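The sequence and structure come first.

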Amino acid sequence: MEMTRLEQMWRLFGMPGLLMAGALLGMLLVSALPELFAASLRDLASVPLLGGLAWGTVWWILNAWKLYCWEAGTWEGSCIFCGGHMHSADGVSLCLACSTRREAQPLA
Ligand SMILES: [Zn+2]
């Protein structure tokens, strides 16, 4: 079954997006706590929260770059949407797992 465009975007940006949103929400929650708890809890939570935000951001950028290479036709390797094996024939690459097609473009 072929994935829709929306599914493809979700596969690429859903998880990093959720991770970034979750980390930001966590930061908001921690900063909204009463002063008394907040000082120690903020210190405790800031490392994983910042780590989560940084990770989400890097992951998002990485996937945006993958998509860019994919669209530009320069991506080599497994399917960027599901990690499946690509089969190339007659200038068309087809993912054997999710049936995503990609027209191979001549390298400039
Ligand atoms: Zn695939």
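## Terms and model

Two strands count as paired if DSSP finds at least two bridges between them. The model described here is predicted.

## Overall shape

The protein chain contains 2 helices and 3 strands. Along the sequence, these elements follow the pattern α-α-β-β-β.

The C-alpha trace spans about 65 × 30 × 20 Å along its principal axes. The radius of gyration of the protein chain is 19 Å, whereas a compact globule of 108 residues would have one near 13 Å. Of the 108 residues, 9% count as buried. Among contacts between residues at least 6 apart in sequence, 45% join residues at least 24 apart.

## Annotated transmembrane regions

An unreviewed UniProt entry carries the annotation "transmembrane region" for residues 12–33 and 45–62. The annotation may be inferred rather than shown by experiment.

In the model, residues 12–33 are 95% helix and 0% strand, and the C-alpha atoms at the two ends of this span lie 33 Å apart. Residues 45–62 are 100% helix and 0% strand, with 26 Å between the end C-alpha atoms.

## The sheet

The 3 strands form an open sheet in the order β1-β2-β3, and their pairing is antiparallel. Its edge strands are β1, residues 86–89, and β3, residues 101–103, each of which pairs on one side only. On average, neighbouring strands of the sheet are turned by 20° against each other, with direction ignored.

Strand β2 covers residues 92–95 and pairs with β3 in the antiparallel sense over 3 bridges. Opposite Ser93 stands Arg102, which belongs to β3.

The largest nonpolar core has 5 residues: Leu12, Cys79, Ile80, Phe81 and Cys95.

Which residues does Cys95 contact, leaving aside its neighbours within four places in sequence? They are Cys79, Cys82, Gly84, Met86 and Thr100. One of them, Cys79, is also a member of the largest nonpolar core. Another, Met86, belongs to the edge strand β1, residues 86–89.

How values were computed:
Residues numbered from 1 in each chain as written. Predicted model: local features only at pLDDT ≥ 70, side-chain atom pairs only at ≥ 80, totals over all residues. Core = buried A, V, L, I, M, F, W, Y, C linked by C-beta atoms within 7 Å. Buried ≥ 20, exposed ≤ 12 C-beta atoms within 10 Å, placed from the backbone. Contact = placed C-beta atoms within 7 Å. Helix = DSSP H or I, 4+ residues; strand = E, 2+ residues; numbered from the N terminus. Axes fitted to C-alpha atoms, helices over the stretch in contact; angles between N-to-C directions. Rg over C-alpha atoms; globule rule 2.2 N^0.38 Å.
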